[in-house]
Amino acid sequence: TFFYKTAHAALTKNYVVHFGNTFEAILYQDIIWIYPYEIRQRGVKTSQSIQIMTNDGKMHGIASMGTYTKKSREIYEEIFDTIVKKCPNALVGFTKENKKLAKEKIKK
């Protein structure tokens, strides 16, 4: 188990656990789409998070990082890369193609 206090997240053998405003435990096998999400103010990145869509069509925001520093970027990338490795069938990145494919996966 890897615990990330600043990201309000933990990665276990079978779950992504988010404990920010709410507690969520997401099975890796339920993840169908993952992409980075960032908020910019006047062109400057102020925060970032990871958006995950599960096979029930729900979106989950995890690993919310309020400040954008070298250390937070390293933690963020480590969490993102670990989830991607544990979900080989998941779509990665935000594109029109992935958005369409994710909707198709939900219908099945």
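## A friendly tour of the core and the fold

User: Which residues touch the most other members of the largest nonpolar core?
Analyst: Happy to start there; this is a predicted model, in which local features need pLDDT of at least 70, side-chain atom pairs count only at pLDDT 80 or more, and totals for chains, interfaces and linings use all residues. Residues are numbered from 1 along each chain as its sequence is written, and side-chain values use heavy atoms, leaving out hydrogens and water. A nonpolar core is a set of buried Ala, Val, Leu, Ile, Met, Phe, Trp, Tyr and Cys residues joined through side-chain atoms within 4.5 Å, where buried means under 20% relative accessible area, exposed over 50% and partly exposed in between, with a 1.4 Å probe and protein chains only. The largest core has 21 residues, and those touching the most other members are Ala 7, Val 16, Ile 31, Ile 50, Ile 62, Ile 79 and Ile 83.

User: Which element supplies the largest share of this core?
Analyst: Helices (H or I, at least four residues) and strands (E, at least two) are DSSP runs, numbered from the N terminus. Strand 2 (9-11), strand 5 (31-41), strand 6 (44-54), strand 7 (59-65) and helix 1 (70-86) each give the core at least two residues. The largest share, five residues, belongs to helix 1.

User: What does Ile 31 contact, leaving aside its neighbours within four places in sequence?
Analyst: Contact here means heavy atoms within 4.5 Å. With those neighbours left aside, the partners of Ile 31 are Val 16, Ile 26, Ile 52, Met 53, Thr 54, Ile 83, Cys 87 and Ala 90.

User: In what order do the elements run from the N terminus?
Analyst: The protein has two helices and eight strands. From the N terminus on, their order is β-β-β-β-β-β-β-α-β-α.

User: Why is the protein as compact as a globular protein of its length?
Analyst: The radius of gyration is taken over C-alpha atoms, and the globule rule is 2.2 Å times the number of residues to the power 0.38. For 108 residues that rule gives 13 Å, and the protein counts as that compact because its own radius of gyration is close to this, at 14 Å.

User: Is Thr 6 buried or exposed?
Analyst: Thr 6 sits in the loop between strand 1 (2-4) and strand 2. Leaving aside neighbours within four places in sequence, Thr 6 is in contact with Ser 64, Met 65 and Ile 75. Its relative accessibility is 51%, so Thr 6 counts as exposed.

User: How far apart in space are Thr 6 and Gly 20?
Analyst: In sequence, Thr 6 and Gly 20 are 14 residues apart. From C-alpha to C-alpha, the distance between Thr 6 and Gly 20 is 9.9 Å.
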